[in-house]
Amino acid sequence: MDLSNSHNRTSVDREISRFENALFPGLPFPRDIERHFDSFTAVLRSRRIFIEGIICVIIFNSFVLSDYFLFHRSFIESLTVRLGFATPMAALALIGLHKARFSKWMRESSIVAVCCTFSIGTLYLYVNKSAVVSAYALFDLMLIVLFTNVGIRIRFTYAVLASALCMAFGGVYIHLDH
């Protein structure tokens, strides 16, 4: 943030004093500071999320090897879900993120959509296999949420949304898994 501008400096000083004088000042900053921060960091944030998204897709698809060894009979199904369903959805989001320079809400929403796609794909692959696999499915779900919220560092409201959706998917999975 350029602090040479007197308006920006006044906004920052006001926020510092708000944090110093309050027991619980609240999470959001004033809109002008948020807007300036978003415009200042949008390109770098999109680039970082693009790189982390590629890493995430590679890790997600590397589990096709464990699927081959654990579920040799349903390997084609695993390959189809991972490479034919989840990966193209993630690729579309990443290409849009990289080429179109999404707005803030589109960028964060696309990350939540990819998180949900990977979660649904993972839970679908592991439903009704065995008790051990069911436990691993929920652990995989937690890893997806953890990577989305901490690794990619999506904004708080979107992190809450991603977590709530994944918890709902996990609840449905527990109900359907026998």
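How much accessible surface does the protein have, and what share of it belongs to carbon and sulfur atoms? The accessible surface comes to about 11,000 Å², and carbon and sulfur atoms account for 72% of it. Accessible areas here follow the Shrake-Rupley method with a 1.4 Å probe, and for residues only the protein chains shown count as cover.

A word on the ground rules before the points. This is a predicted model, in which local features need pLDDT of at least 70 and side-chain atom pairs count only at pLDDT 80 or more, while totals for chains, interfaces and linings use all residues. Residues are numbered from 1 along each chain as its sequence is written, and side-chain values use heavy atoms, with hydrogens and water left out.

1. Overall fold. The protein has 6 helices and 0 strands, giving the pattern α-α-α-α-α-α along the sequence. Helices (H or I, at least four residues) and strands (E, at least two) are DSSP runs, numbered from the N terminus. Of contacts (heavy atoms within 4.5 Å) between residues at least 6 apart in sequence, 69% join residues at least 24 apart.

2. Burial. Of the 178 residues, 38% count as buried. The cut-offs are under 20% relative accessible area for buried, over 50% for exposed, and partly exposed in between (1.4 Å probe, protein chains only).

3. In soluble globular proteins, nonpolar side chains tend to be buried together. Here the largest nonpolar core holds 33 residues, and Val112, Phe118, Tyr126 and Ile154 have the most contacts inside it. Two or more residues each come from helix H2 (31–70), helix H3 (75–100), helix H4 (104–126), helix H5 (131–151) and helix H6 (156–176). H4 gives the largest share, 9 residues. Such a core is a set of buried Ala, Val, Leu, Ile, Met, Phe, Trp, Tyr and Cys residues joined through side-chain atoms within 4.5 Å.

4. Tyr126, worth a click in your viewer. Leaving out residues up to four places away in sequence, Tyr126 touches Asp67, Phe71, Arg82, Val133, Ala137, Asp140, Tyr173 and Asp177.

5. Val132, Tyr136, Phe139, Met142, Leu143, Leu146 and Val150 make a nonpolar surface patch of about 720 Å². Patches are made of residues with over 30% relative accessible area and no salt bridge, with like charges joined within 9 Å and nonpolar side chains (Val, Leu, Ile, Met, Phe, Trp, Tyr) within 5 Å. One of its members, Val132, is in helix H5 and counts as exposed at 53% relative accessibility.

6. Side chains of opposite charge can pair when their charged atoms come close. The structure holds 5 salt bridges, each a side-chain nitrogen of Lys or Arg within 4 Å of a carboxyl oxygen of Asp or Glu. Arg45, Arg107, Glu108 and Arg155 are linked in a network of them. Within it, Arg107 and Glu108 pair at 3.3 Å, N to O, and both are buried. Glu108 also pairs with Arg155 at 4.0 Å, N to O. Because Glu108 lies in helix H4 and Arg155 in the loop between H5 and H6, this pair ties together parts that are 47 residues apart in sequence. Arg155, like Glu108, is buried.

7. Where do Arg48 and Glu52 sit relative to each other? They are 4 residues apart in helix H2, so about one helical turn separates them. Arg48 is partly exposed at 24% relative accessible area, whereas Glu52 is buried at 16%.

8. Ser163 and Asn149. Ser163 is in helix H6 and is buried, with a relative accessible area of 18%. The Ser163 side chain makes a polar contact with the side chain of Asn149 at 2.8 Å. A polar contact is a pair of N or O atoms within 3.5 Å; within protein, one must be able to donate a hydrogen and the other to accept it, and residues adjacent in sequence count only if both atoms are side-chain atoms. Beyond its neighbours within four places in sequence, Ser163 is in contact with Val145 and Asn149.

9. Backbone angles to look at. Asn128, in the loop between H4 and H5, has a positive phi near 60° without being a glycine. Arg153, in the loop between H5 and H6, is not a glycine either, and its phi is positive at about 60°. Asn128 is partly exposed at 42% relative accessible area, and Arg153 is partly exposed at 46%.
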